[in-house]
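Hi everyone, thanks for making time for this. Let me put the sequence and the model up, and then I'll talk you through them.

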Amino acid sequence: QTTPAVGKVIALRKLEIQQYDFTIIEKNCPIIRFQTTHGKVIEHLDETVCNSSYVGKKIAVVYDARNPRSVSIANGARFLVMGGWGAIGFVGCCLGLFGIGALWNGLLGSVQPESD
């Protein structure tokens, strides 16, 4: 069961993150502090919204009520990060289908019916 909360960025931590091509880049990732509904204070280092946060910024989070250290950014922050790749994939699929359709049409269009 996920539970919403509002956290606050209390610090930024510089992390070296390895990219898909094995290059290393530095990112400033936020440490977010929030309080559970039971009053427990949790601090969470989030690597999905790096370089877009500042100390004092309020960030909506959701956490697992059974395991409050299991935290995700809420309200689309993570969706924007991952959604961008989803949109690129969708456009790629559409273009691929269009290309297959054009190829199929070209193959069928090149077949001439036999004449007497």
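First, some ground rules. This is a predicted model, so local features need pLDDT of at least 70 and side-chain atom pairs count only at pLDDT 80 or more, while totals for chains, interfaces and linings use all residues. Residues are numbered from 1 along each chain as its sequence is written, and side-chain values use heavy atoms, with hydrogens and water left out.

Now the layout. The protein chain has 1 helix and 5 strands, and along the sequence they follow the pattern β-β-β-β-β-α. Helices here are DSSP runs of H or I with at least four residues, strands are runs of E with at least two, and both are numbered from the N terminus. Of the 116 residues, 22% count as buried, which means under 20% relative accessible area with a 1.4 Å probe, protein chains only; exposed is over 50%, and partly exposed is in between. The chain exposes about 8,600 Å², with carbon and sulfur atoms supplying 60% of it; those areas come from the Shrake-Rupley method with a 1.4 Å probe. For contacts, meaning heavy atoms within 4.5 Å, I looked at residues at least 6 apart in sequence: 48% of those contacts join residues at least 24 apart.

On to the sheet. In what order do the strands of the open sheet sit? The order is β3-β2-β1-β4-β5, with antiparallel pairing; two strands pair if DSSP finds at least two bridges between them. β3, residues 41-45, and β5 stand at the edges with a single partner strand each, so one side of each has no neighbour in the sheet. The twist averages 40° from one strand to the next, using axes fitted as lines to C-alpha atoms and angles from 0 to 180 degrees between N-to-C directions.

At one, 5 bridges join β2, residues 24-35, to β3, and Ile 31 stands opposite Leu 45 in β3. At the other, 4 bridges join β4, residues 58-64, to β5, residues 67-73. A hairpin connects β4 to β5 through 2 residues, and Tyr 63 has Val 71 in β5 as its bridge partner.

What about disulfides, that is, cysteine sulfur atoms within 2.5 Å of each other? A search of the whole structure finds 1: Cys 29 and Cys 50, with sulfur atoms 1.9 Å apart. Their S-S torsion is about 95°, so this disulfide is right-handed. Cys 29 lies in β2 and Cys 50 in the loop between β3 and β4, so the pair ties together parts that are 21 residues apart in sequence. Cys 29 is buried at 0% relative accessibility, and Cys 50 is buried at 12%.

Two more residues before I stop. Asp 46 sits in the loop between β3 and β4 and is buried, with a relative accessible area of 1%. Its side chain makes a polar contact with the side chain of His 44 at 3.0 Å; that term means N or O atoms within 3.5 Å, one able to donate a hydrogen and the other to accept it, and residues adjacent in sequence count only if both atoms are side-chain atoms.

Finally, Pro 68 lies in β5 and counts as buried at 18% relative accessibility. Leaving out residues up to four places away in sequence, Pro 68 touches Phe 34, Thr 36, Ile 42 and Tyr 63.

How values were computed: A disulfide is a pair of cysteine sulfur atoms within 2.5 Å.
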